[in-house]
Amino acid sequence: QVQLVESGGGSVQVGGSLRLSCAASTYTGRTYCMAWFRQAPGKEREAVALIASDSDTAYADSVKGRFTISKDNAGNTLYLQMNSLRSEDTAVYYCAARRPNCLWSAAYYDYWGQGTQVTVSS
């Protein structure tokens, strides 16, 4: 199995930036779709950004233009650069992986990190 560990969460003011990282226990670059999901208390888990095995990307409308997903294949690391943060971005952010292609629903992902809290306050 693939173990995923997120880091980089924290508390930031509205308009600020954070960079999340996800370290994978095995090489995933040309085998897996990698994704960032988030979940606020009482809400459904939602996909934020996807990056395919060929490095094509897709974003939720709510974060398009503000967030950037990328991966470092050599280091087996996934990133989420978050800029212009808003209060509604507050959630636990999860790294996830599945084979072989990307899908929007959390139900189809096999591997999950433990999550990292992002809190955006004014």
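Is glutamate 44 buried or exposed? In this predicted model, where local features need pLDDT of at least 70, side-chain atom pairs count only at pLDDT 80 or more, and totals for chains, interfaces and linings use all residues, residues are numbered from 1 along each chain as its sequence is written. Side-chain values use heavy atoms, with hydrogens and water left out.

Glutamate 44 counts as exposed, at 69% relative accessibility, where exposed means over 50% relative accessible area, buried under 20% and partly exposed in between (1.4 Å probe, protein chains only). The residue lies in the loop between β4 and β5, strands being DSSP runs of E of at least two residues, numbered from the N terminus. Leaving aside residues up to four places away in sequence, glutamate 44 touches Arg38 and Gln39, a contact being defined by heavy atoms within 4.5 Å. Glutamate 44 and alanine 106 are 62 residues apart in sequence, and their C-alpha atoms are 9.6 Å apart in space.

The interior was examined next. In soluble globular proteins, nonpolar side chains tend to be buried together. The contacts of leucine 4, not counting residues up to four places away in sequence, include Cys22, Met34, Cys95, Tyr111 and Trp112.

A search of the whole structure finds two disulfides, each identified as a pair of cysteine sulfur atoms within 2.5 Å. One of them joins cysteine 22 to cysteine 95, with an S to S distance of 2.1 Å, and its link is left-handed, with -75 degrees about the S-S bond. This pair connects distant parts of the chain, cysteine 22 being in strand β3 and cysteine 95 in strand β9, 73 residues apart. Cysteine 22 counts as buried at 1% relative accessibility, and cysteine 95 likewise counts as buried at 0%.

The other disulfide is formed by cysteine 33 and cysteine 102, whose sulfur atoms are 2.0 Å apart; this link is right-handed, with 100 degrees about the S-S bond. Because cysteine 33 lies in strand β4 and cysteine 102 in the loop between β9 and β10 (111-112), the pair ties together parts that are 69 residues apart in sequence. Cysteine 33 is buried, with a relative accessible area of 0%, whereas cysteine 102 counts as partly exposed at 22% relative accessibility. With the bonded cysteines of the protein chain numbered in sequence order, the pairing is 1-3, 2-4.

Arginine 98 lies in strand β9 and is buried yet has no salt bridge, the nearest side chain of opposite charge being that of aspartate 110, 5.4 Å away. A salt bridge is taken as a side-chain nitrogen of Lys or Arg within 4 Å of a carboxyl oxygen of Asp or Glu. The side chain of arginine 98 does reach the backbone oxygen of tyrosine 108 at 2.9 Å, and one of its polar atoms lies 2.4 Å from the backbone oxygen of asparagine 101. Beyond four places in sequence, arginine 98 touches Tyr32, Cys33, Leu103, Tyr108, Tyr109 and Asp110.

Note on methods
Helices (H or I, at least four residues) and strands (E, at least two) are DSSP runs, numbered from the N terminus. Lys and Arg count as positive and Asp and Glu as negative; His and the chain ends are not counted. A polar contact is a pair of N or O atoms within 3.5 Å; within protein, one must be able to donate a hydrogen and the other to accept it, and residues adjacent in sequence count only if both atoms are side-chain atoms.
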